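This report goes through the structure shown below, from local backbone details to the chain as a whole. Please keep the sequence and the model in view while reading.

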Amino acid sequence: RVPQVLSSAEEMAELYRELSRHPGLSAASLGPDVTTQYGGKYCSLYTEWSQRDLARAENVKFCRQYLIFHDGASIVYSGPAGTCSEIKDELLSRESPSGALKAVLRKVPGKEKEKEKQFLEVWDQNRKVKSIDLTALDKHGSVYDDDQFGCLAWSHSETHLLYVAEKKRPKAESFFQSKAPELGASDEDVGRPRKDDAPLKVGSPSPGPVGAGGGSHGADGAVPQGEQFVYYEDWGEALSTRSVPVLCALDIEGSSISVLEGIPEHLSPGQAFWSPGDTGVVFVGWWHEPFRLGLRHCTNRRSALFYVDLTGGRCELLSEDTRAVWSPRLSPDRCRIVYLENNALGPHQQCSRLCMYDWYTKHTSTVLETVPRQAWGAFPGIYCGALPGLCWAADSRRLVLDTAQRSQQDVFVVDTVTGTTTSLTADAPQGSWSVLTIDRDILVARFSTPSCPPTLKVAVLPGAGREAEARWVCLQDAPPVPGISWGIRTLQPPPEQEHPQYGGLDFDAILLHPSEGPAAQKPPLVVMPHGKSLPPAARPQPWPGSVTALCLLPFAGGPHSVFTAGWMLYPAVLCRMGFAVLLVNYRGSLGFGQDSVASLPGNVGTQDVRDVQLCVERVLQEESLDAGRVALVGGSHGGFLACHLLGQFPETYHACVVRNPVVNIASMVAATDIPDWCLTETGLPYAPDTLPDPAQWTEMLCKSPMRYVDQVRAPVLLMLGEDDRRVPPKQGLEYYRALKARGVPTRLLWYPGNNHALAGVEAEADGFMNMALWLLKHLRC
């Protein structure tokens with residue numbers, strides 16, 4: 001008897017609506033301590049959450065506050081303060097160091113035909129004290145609110161704010177533009193430069209000379225002609241409006257803005273903060289010569305840490321200039337800066353080093369090195385997109401971070417002097433933990449599992465040597481979703497599939513299984529190999545106030561990512577419908593040691609494919625599952641693997657759904673924002689002037705799923721984002737046409753306004769419904 005799987009479209013939509021209401025926790029900040037008349041202390045905790053609103057087809061952001069009473073060593077009492085409320089149009093927000101002020105970057109819709117405006121606001125505890133129209137000041141383009149470049153940083157004196165914006169573009173005229181101004185036309189109407197358009201030199205109280213750093217016009221004030229259509233490079237997928245970032249400083253008292261000069265022309269600055277003493281600005285600079293490569297989820301782009309002096313505009317290199325660095329964080333005593341470091345080029349994500357720069361001795365040390373092999377009970381290495389915005393303990397010696405540990409996500413404290421690490425979640429429930437903030441040793445974290453949506457946890461960091469005694473208190477609970485059981489299993493490749501250089505590697509899979517219904521019935525299996533973007537607990541931590549997307553399944557790029565045992569919407573809904581879901585962390589995934597990462601380049605299409613197939617065959621043997629109803633779902637590199645598996649093992653799979661899949665590396669290399677990925681993962685050397693020879697083109701094609709398209713039998717549903725820069729939609733179209741020509745049942749969904757992640761609320765919801773209906777139809781459910 002075929003087991004019953006939920007098959008009514010109305011019931012599926014209602015189930016999706018129900019589970020999509022679980023909000024994601026995106027940011028947290030702690031207010032200053034208040035001492036009561038009885039000597040106790042409490043502080044407020046401000047949190048920001050994101051939730052899908054299917055009726056409005058958008059993600060909405062809301063805030064909720066809590067009170068935490070503590071004695072400095074433990075949480076005495078904690079609870080919510082009031083109800084939650086929606087936050088409208090905030091792009092970034094940041095509390096000042098003392099907690100007395102808050103800065104907010106806000107977008108305001110333009111009136112009638114006006115474009116959208118950006119305002120920078122300053123609030124005290126009772127009111128808004130400043131509101132500055134950045135668009136009207138016209139010193140720069142749009143302010144960056146992304147977590148790649150963006151920042152909103154208070155000076156230590158709380159008199160200035162630092163942020164990153166797009167450099168002001170020169171206005172241009174046609175060669176045939178009429179030169180005669182109309183009667184009463186303003187200077188701006190006819191394109192003449194306004195006198196205050198010149199950038200301010202760092203530290204200068206008055207406009208400095210116009211130069212290469214940002215002048216909008218020629219030396220004689222003339223508007224350049226014939227430059228309306230000049231091509232400006234951008235930073236690729238999800239950063240297509242980021243071309244030339246500039247650092248900007250707001251003098252709060254005078255409401256004046258300076259565009260900082262002194263930054264070398266070949267660098268794109270971001271992730272900036274004020275140096276000790278407010279003497280200058282520390283920032284990460286990414287090389288963009290000879291041309292920009294895609295930067296999103298790519299922690300291997302050549303970059304370094306720099307300091308620009310406010311008085312003379314002198315720019316100083318603080319780190320090695322041949323590596324990739326990001327995520328600098330200044331210690332509370334303002335003496336040390338920690339940051340993450342990778343090798344330039346190579347795999348986009350890998351095990352990272354933790355480095356530390358001493359501001360006064362100018363000495364750089366490596367606190368934590370890469371870990372070749374993960375071993376239980378030992379620190380697994382650092383695999384994260386960023387350090388928390390606030391990560392230092394009050395002693396300015398220890399810091400906290402979260403990292404993938406095989407198929408889990410755990411929180412560790414690091415002693416920067418000795419390099420010792422201690423898990424803060426070793427005795428906590430198994431799942432996915434991530435740090436939101438730490439302030440005065442009060443830790444705020446997010447926790448979830450495949451059956452439990454995100455919850456809010458707090459703890460006090462114990463003193464040095466007693467960190468393992470940390471006790472977590474749940475502030476905002478989320479009851480587990482019924483009907484989902486899950487577990488993690490470890491697999492060892494057979495001897496003939498071992499890597500010749502990196503032998504002995506194993507890998508994991510997370511299996512979600514319906515826990516309701518007759519035990520004798522065997523559910524169908526949906527196999528999901530991961531792509532590249534990091535799952536919620538492993539995603540780059542945003543600067544406080546920025547919003548993380550709610551696409552809760554890793555679909556972007558790949559293959560160096562990992563499924564951690566956290567909440568993911570698609571697998572949860574599928575499992576509630578009656579499907580078992582297998583999430584495979586094949587060799588090459590993060591959290592298993594650098595050797596695992598290094599084992600995959602040159603072996604894509606074989607090692608990763610065989611790992612997934614081994615896992616599927618093992619699970620079908622050992623679990624009560626229906627081997628006659630197995631489907632594949634994957635995006636990007638997960639789609640690459642799904643298409644490979646369809647062709648290499650056509651008898652195993654009976655339906656397939658792929659989102660923005662890589663199907664032909666050879667044709668992708670000239671169209672993607674990450675051409676280095678195409679060569680590196682194929683096992684070929686990459687350099688900016690690389691021109692593949694015929695043998696290399698052949699190698700890229702041979703490692704692609706298109707090689708096996710003649711053997712595909714299972715029906716395929718394709719979902720493509722029109723604005724995808726990472727895996728351009730022509731990849732999916734190429735596969736669609738090949739399948740159609742061979743009579744394979746196929747359908748294509750095209751999503752305008754969506755990029756690689758297909759993370760728009762409407763596209764995500766429509767994609768799920770179409771995926772579920774496709775699986776039901778072709779698995780005969």
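## A cis peptide bond

P290 sits in the loop that runs between strands β16 (280–287) and β17 (303–309). The model is a predicted one. The peptide bond that joins E289 to P290 is cis, with an omega of about 5 degrees.

Most peptide bonds are trans, and most residues other than glycine have a negative phi. The next section turns to phi.

## Two residues with positive phi

Q271 is not a glycine, yet its phi is positive, at about 50 degrees. This residue belongs to strand β15, which covers residues 267–274. Is Q271 buried or exposed? The relative accessible area of Q271 is 6%. Residues under 20% count as buried, so Q271 is buried.

N660 is another residue other than glycine with a positive phi, here near 45 degrees. N660 is placed in the loop between β35 (655–659) and α7 (665–668). With a relative accessible area of 1%, N660 is buried.

## Buried positions in strands

G270 is also part of strand β15. Its relative accessibility is 0%, so G270 counts as buried. Which residues does G270 touch, if those up to four places away in sequence are not counted? They are F149, V164, F283, V284 and W286. The C-alpha atoms of G270 and R742 are 49 Å apart, and 472 residues separate the two along the chain.

V325 is in strand β19, made up of residues 323–330. V325 has a relative accessibility of 1% and therefore counts as buried. With neighbours within four places in sequence left aside, V325 has contacts with V284, S303, A304, L305, S319, Y339, L340 and E341. V284 is also among the residues that G270 touches. V325 and T279 are 46 residues apart in sequence, and their C-alpha atoms lie 23 Å apart in space.

## Buried positions in a helix and a loop

S20 lies in helix α1, which covers residues 9–20. At 1% relative accessibility, S20 is counted as buried.

P523 is in a loop, between β31 (507–514) and β32 (525–529). The relative accessible area of P523 is 6%, so this proline is buried. H513 is ten residues from P523 in sequence, and the C-alpha atoms of the two are 8.3 Å apart.

## Nonpolar cores

The largest nonpolar core has 57 residues. Which of them touch the most other members? They are L525, V527, L582, V616, L646, V716 and Y735. Helix α5 (residues 607–622) gives this core its largest share, seven residues. Apart from this core lies another one, of 44 residues, including L512, C575, W774 and L776.

Leaving out neighbours within four places in sequence, V716 is in contact with L646, C656, V658, Y735, L739, P745, T746, R747 and W774. Of these contacts, L646 and Y735 are also named among the members of the largest core, while W774 is named in the other core.

## The chain as a whole

The chain has eleven helices and 37 strands. Its radius of gyration is 27 Å, close to the 28 Å that the globule rule gives for 781 residues, so the chain is as compact as a globular protein of that length. The C-alpha trace spans about 80 × 75 × 50 Å along its principal axes.

How much of the chain is buried? Of its 781 residues, 59% count as buried. Among contacts with a separation of 6 or more, 64% are between residues 24 or more positions apart.

## Surface and charge

The chain has 73 positive and 88 negative charges. The mean position of the positive charges and that of the negative charges are 2 Å apart.

Note on methods:
Residues are numbered from 1 along each chain as its sequence is written. This is a predicted model: local features need pLDDT of at least 70, side-chain atom pairs count only at pLDDT 80 or more; totals for chains, interfaces and linings use all residues. Side-chain values use heavy atoms; hydrogens and water are left out. Helices (H or I, at least four residues) and strands (E, at least two) are DSSP runs, numbered from the N terminus. The radius of gyration is taken over C-alpha atoms; the globule rule is 2.2 Å times the number of residues to the power 0.38. Buried means under 20% relative accessible area, exposed over 50%, partly exposed in between (1.4 Å probe, protein chains only). Contact means heavy atoms within 4.5 Å. Lys and Arg count as positive and Asp and Glu as negative; His and the chain ends are not counted. The place of a charge is taken as NZ of Lys, CZ of Arg, CG of Asp or CD of Glu. A nonpolar core is a set of buried Ala, Val, Leu, Ile, Met, Phe, Trp, Tyr and Cys residues joined through side-chain atoms within 4.5 Å.
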